[in-house]
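Hi there,

Here is the structure I promised to pass on. Have a look at it first, and then read my notes below.

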Amino acid sequence: MFPTAIAGSLPKPGWLAETKKLWPQWKAQGDELRQAKADATLLWIKMQEDAGLDIVGDGEQSRQHFVHGFLEQVEGIDFEHKVKMGIRDNRYDAMVPQVVAPLKLKGRVHAFEAQLARAHTRRKLKFTLPGPMTIVDTVADRFYGDKVKMAFAFAELLNQEALALQADGVDIIQFDEPAFNVYMKEAADWGVKALERAAQGLTCTTAVHICYGYGIKANVDWKNALGQEWRQYEQIFPALAASSIKQVSLECYHSHVPPQLMKLLEGKDVMVGVIDVASDEIETPEQVADTIGVALQFVAREHLIPCTNCGLAPMDREVALKKLEALAQGAELARRRYGS
Ligand code: ZN
């Protein structure tokens with residue numbers, strides 16, 4: 001009961017990349033960088049296991065950013081000439097690469113880190129990929145001229161990599177779709193369909209993560225402008241509930257999401273965010289167990305997976321580690337509290 005997991009990303013050690021940044025520069029190149037990525041991946045597998053997490057991941061140590069890490073292995077994208085673009089409905093500007101030709105995978109994207117992680121843990125292994133709609137929102141289009149068409153082109157490539165990750169022994173493949181919370185109508189119209197295309201044919205567990213973003217200032221300011229009740233999920237959960245995706249990761253603790261919206265996901269596994277990634281304050285096991293208690297009013301216990309609200313990439317490494325420990329200890333407390 002209450003197997004614990006993280007959304008996906010973890011802070012990169014200072015010897016691998018710049019710290020506390022969303023698009024950090026690597027500290028090495030070539031073989032040296034490859035070795036540093038491998039070392040950081042193994043370090044975080046060990047740290048997640050020691051913290052007591054049941055489902056572990058590679059902490060996204062091998063990618064600079066959760067979207068661009070995938071795009072780097074796609075043909076048809078010009079990374080030499082990045083352009084400034086407002087993303088997430090102009091919430092903030094990012095330097096993004098441009099799609100200039102038909103999209104095609106250059107080869108495997110995440111084989112190295114997925115196989116490495118699989119070889120070094122017996123726990124359930126979750127691997128994250130960006131969702132098609134979020135990719136489309138994080139790249140400039142100079143070729144397709146049609147958002148939906150481009151999203152489905154990316155979905156095909158994601159599907160190829162996802163099937164290969166499954167063959168590598170990954171147990172859960174999660175697509176990250178923060179854009180769903182920004183373009184709710186489009187998400188319900190075609191975003192979920194593009195997501196299902198990306199997950200087509202997978203027999204491992206499939207998941208989607210929908211959040212209000214990393215704990216960076218632009219996101220915190222945006223959240224402060226969303227009012228007392230955040231009801232974005234209300235518009236997209238019915239489409240997700242009707243979809244083939246098995247697990248949904250959402251924000252809960254310290255958010256203004258009305259917890260009863262979780263009821264819209266009946267039948268799905270719900271990864272409930274019990275750890276705030278926008279604050280360095282470490283949750284107590286009691287606070288984590290309390291949040292699980294709130295979620296239990298709306299999610300069946302066999303479907304509840306305590307999780308972080310979002311990735312921990314831009315956080316301080318020590319803070320992140322303490323939060324992982326709080327997550328595991330809080331879930332343990334909840335098992336004792338709500339177990340019978
Ligand atoms: Zn997130």
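Before the notes, one term: two strands pair if DSSP finds at least two bridges between them. Please also keep in mind that this is a predicted model.

With that in hand, let me begin at strand S1, which covers residues 55-56 and is joined to S4 by two bridges. The two strands run parallel. Opposite Val-56 you will find Leu-125 of S4, while Ile-55 faces Lys-124, also in S4.

Is strand S4 mostly covered or mostly open? S4 spans residues 124-130, and six of its seven residues are buried, so it is mostly covered, where buried means that 20 or more other C-beta atoms lie within 10 Å of a residue's own.

Zooming out, these strands belong to an open sheet of seven strands with parallel pairing, in the order S1-S4-S6-S7-S8-S9-S10. S1 and strand S10 (304-308) are the edge strands, each pairing on one side only. Helix H10, residues 317-338, packs on the sheet and touches both S10 and strand S9 (269-275). The direction of H10 makes about 120 degrees with that of S9.

How values were computed: Residues numbered from 1 in each chain as written. Predicted model: local features only at pLDDT ≥ 70, side-chain atom pairs only at ≥ 80, totals over all residues. Buried ≥ 20, exposed ≤ 12 C-beta atoms within 10 Å, placed from the backbone. Helix = DSSP H or I, 4+ residues; strand = E, 2+ residues; numbered from the N terminus. Contact = placed C-beta atoms within 7 Å. Axes fitted to C-alpha atoms, helices over the stretch in contact; angles between N-to-C directions.
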